[in-house]
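Work through the exercises below with the sequence and the structure in view. Each task is followed by a solution in steps.

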Amino acid sequence: MTTEVGYEKISEDVECTAISPGYSTLGDIVPVSLHWKDISVSTVKEQRELLRDVSGVARPGELLALMGASGAGKTTLLNMLMCRNLKGLITEGTITVNGNEMGDKISTISGFAQQEELFVGTLTVKEYLMIQAKLRINESKKIREERVTDVLHQLKLWKCRDSRIGVIGEKKGISGGEARRLTFACEMLSNPSLLFADEPTTGLDSFMAESVIQILRGIAKTGRTIICTIHQPSSQLYQMFHRVIYLANGRTAFQGTPQESISFFEQCGHRVPDEYNPSEWIIYKLAVQPGQESQSNERIRKIVECYEESDHRQKVMEELEDISEIGAPPAMHKANVFVQIQALIMRCGLDVWRAPQLTMAKIIQKILFGLFLGLLYLRMEYTPRGIHNINGALFFIVGEYIYSTAYAIMMFLNNEFALVAREYHDGLYNLWTYYIARCVSLMPLFSTDGLILLFIVYWMIGLNTSILLATLISLLASQSASALGVAMSCIFPTAQMTSVMASPLLVLFRLFGGFYGNTETFPAGVRWLQWISMYRYAFEGLVVNQWSKVDQFHPEADWSDEKRDAVLRNFSFPHWAIPIDIVGLIVISLGFYAIGFIALLVRMKKAR
């Protein structure tokens, strides 16, 4: 166990290094006292009691820890204080900020560092924070840059500012401790007076855990109120908290300083042995032991009653009665929609172009396919067999546009749903601004790679087509495939399910593309499916474009309108179809984008 003298010396050193001296762009804050009284929570269905008459105080400049065994009610109390994740629960009690009841508006003056670290791993630490600053701070670019620099120094991230955050399983990035500090850095950009943290040391080794708690103490010293849940900290970490609250069976078992908790449990007849970690021993005494439920519940009941009759509870209740309405801090406002779109396009664009599984793979794939297809149909003659082969090459091009684009996007978007859900519910941006930014960011890569294939094949096969029209049709075909991929990834929760459900849909669209059979000969009951197939419009557009003006490109080919109509008649394609094909691809793209947004909105509402 760390001595009080040793602890004070450590904490002083920490606080001197955690917060850099001098001018801070974070500016002054309004100190916040958070009071909660008689908080009771139970489930609607099972009528199971999660919390009962829990009261407490969190003061400015303090680091407060919520502790207890699994199922004690720590997370429920934290959610109650933040007014989050309360669906399906019956809640009672009052929560005030500086004497004012705020309800769910408490999120506008507080930050929440969640346990799960969710970032855009392809960005560097500084890039990610700059984009977060753009979304969180309504100030000039200079002030945002100064704020990011300040936060990087305060949270000891300056050395890794140019390091990629990293993608698990793909690219190694910053360490676990740095990732945890980056979570706090994002929240500190908004300069909140009140900060919540869920299990900030989980998954870290003892050194990294101590570093994180040191940072939190330094942040608290600036006058902020910090509340965190924590599970069995080491002896040294335990002594670093200003105050602790123990919960057991949904009730308050103790509230006071770490040192007071040791003496309190000794008064209850549960002295902490010298060789034990105090927090582990106390949590053990407050846990329901398997096979000893009745004895454990009786022990917990006596400890709770002892606390309710103690001076510690009396002190808390006196503080709860002494509430002066001094006003809540000013609310934090998100950026306007134009700034949101700009920042999110920048983030999504960098993510797309830096994604190793997308950028280089797709470009190399299109080059290889283009060369292979070009060699296979190299300078094909305009014999009946040659015409058929060229039509086959055009259908392959359409299939490559649509299939590879749709599947690449399906495997890509599901990975960031959790991050978007968190940021959206934190109020960083509107959902439609994210959706527009994400769709726009996908356009450059998923358009240029298809054009690489088209230009290689155009030159090697010697296609007799208007390259401008072919380019336009190719871009629209890629966009319709992108829209399909976006919609499917928004509808289904996992990449595997998206892939499984999309496969038969793409096969159906391909069958009605016109190459595998004249669609006019299909049964009338299913013939209409050709009009929702992007394969149909893209293939028709390229075929009509190819055979409409052969005589202009190759006068020696002895081409005529009759020969053109004979080729197009095999597919029931009219020679005037290109404007309809362009409109059809645009409508399909907009339709799938609309379906995707509605599906994403529904999923976001359920993820609350």
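In strand S2, Glu 49 stands opposite Ser 42. The model is predicted, with local features needing pLDDT of at least 70, side-chain atom pairs counting only at pLDDT 80 or more, and totals for chains, interfaces and linings using all residues. Residues are numbered from 1 along each chain as its sequence is written, and side-chain values use heavy atoms, without hydrogens and water.

**Exercise 1.** Find the order of the strands in the open sheet of three strands, and the strands at its edges.

Step 1. Strands are DSSP runs of E with at least two residues, helices runs of H or I with at least four, numbered from the N terminus. Two strands pair if DSSP finds at least two bridges between them.

Step 2. S1 (residues 34–43) and S2 form an antiparallel pair over six bridges.

Step 3. The order is S2-S1-S4, with antiparallel pairing. S2 (49–58) and S4 (89–97) each have a single partner strand, so they stand at the edges, with one side of each left without a neighbour in the sheet.

**Exercise 2.** Which elements give two or more residues to the lining of the second largest pocket, and which domains does this pocket lie between?

Step 1. A pocket is an open set of points on a 1 Å grid over the protein atoms alone, where a 1.4 Å probe fits, with protein on both sides within 12 Å along at least five of seven lines; lining residues have an atom within 4 Å of a point.

Step 2. The elements are strand S5 (110–113), helix H3 (125–136) and helix H15 (417–425).

Step 3. Domain 1 (34–109 + 192–322) and domain 2 (126–191), with bounds from an automatic or database domain assignment, both contribute lining residues, so the pocket lies between them.
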